[in-house]
Amino acid sequence: MSTTTRVTQRMIADMAGVSQSTVSLVLNGKADEARRIPAATRDRVLEVIRETTYVANPVARSLVGAATGLIGVFTYEPAFPSRSSDFYTPLLTGIESAAESVGADLLLFTSTPVVAGRRRLFHESNRLRLADGCILLGREMDPVELERLMDSAYPFVAIGRREAADGRVPYVGVDYASATHSLAVRALGLGHRRVGLLRLPQDAESSRDRRAGIVAAASEVGASVIEAEVTTDRSVTEAWAAIRASRPTVVFVEDPTDAHELHAQLAADGTSVPDDLSVVVLGEHNRAADGPADFTRLRAPRTELGAHAVRALTGVLEARRTPAPERSFATAPVQELLDCSLVPGGTLAAPAA
């Protein structure tokens, strides 16, 4: 079956060898009501659905082939807990503003369950095709799901650089590699040669890009980088202890919350910032700072990211509506990186003599 073919309930029924009403009951979660469906039958229908990447589309049943004017937003992590909202709020603000400017409504997909802190893009209750296209948000995205979505020909744009699907994923992200390289060059130019790095796990492209910029700058002047990872199993205090013995004069911290925890730890140890140790943060909170330090830090253009993603997705949708003879033959996906800005702060200075 062509990846561009719209899969219908009728097709699912034929492939599973059941009636269309059975498919409808399974899709709507009614298999355990009055009309019982054997577990084997339900499993067979669900397997066909998974294999064909079908998702329920009530709108398309009444408006076959018509645009809905809806832009979907899918977040891999819950968007509204306090810590998550600090990351998502400016992105959603940019998305909302840009959607308004193009006359589109937003549809936040929340029906898929959260497992181990992350949602699954493909699930029997997912309703992606209610929207004309979708914007994906999340620090980490499942590369298998992204490749599957690419193969389904469903229009989407990811926020953040993505390497999945052999580099075919359309995205709007931040040029963290260049930003952290420039920031590290600034620190090295002040005379720092022993560099510490407290980073998050490197599963996400954004974390790898941040590290790459710092390591590249350090290698250019022969400086050493001592790294430690902060995870759910390894606290900031433990990570700092792992690199403290190397006596770094500057430490780069990927996560702003971790930076505030480190600052508290340094104060408890009697270390002053930046007299004894410079601390630089590779991001910032969007709410008021939750600590006393005015960190030297990077500021990602999150609101602009959201707006650019909507414009990129709108461009994809408009191109698809263009009659075939008038379409451009260019097939390269939208892949755009925005610049970070530097907030000077007060925690980066030349190392003590």
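**Close-up views of helix pairs and nonpolar cores**

**View 1. Helix 10 and helix 11 cross in a right-handed manner.** In this predicted model, local features need pLDDT of at least 70 and side-chain atom pairs count only at pLDDT 80 or more, while totals for chains, interfaces and linings use all residues. Residues are numbered from 1 along each chain as its sequence is written, and side-chain values use heavy atoms, with hydrogens and water left out. Helices are DSSP runs (H or I, at least four residues) numbered from the N terminus, and a crossing is right-handed if the near helix is turned clockwise from the far one by less than a right angle. Helix 10 (residues 236–244) packs against helix 11 (residues 256–269) at an angle of about 65°, their axes being 10 Å apart; axes are lines fitted to C-alpha atoms over the stretch in contact, and angles run from 0 to 180 degrees between N-to-C directions. Residues in contact (heavy atoms within 4.5 Å) include Trp 240 of helix 10 and Leu 262 of helix 11.

**View 2. Helix 8 (residues 176–189) and helix 9 (residues 205–221) come within 7 Å, computed between axes that cross at roughly 35°.** This crossing, too, is right-handed.

**View 3. The largest nonpolar core has 43 residues.** Such a core is a set of buried Ala, Val, Leu, Ile, Met, Phe, Trp, Tyr and Cys residues joined through side-chain atoms within 4.5 Å, where buried means under 20% relative accessible area with a 1.4 Å probe, protein chains only. Ile 95, Ile 135, Leu 137, Ile 159 and Phe 252 touch the most other members, and helix 12 (residues 302–321) gives the largest share, 7 residues.

Terms used: Helices (H or I, at least four residues) and strands (E, at least two) are DSSP runs, numbered from the N terminus. Buried means under 20% relative accessible area, exposed over 50%, partly exposed in between (1.4 Å probe, protein chains only).
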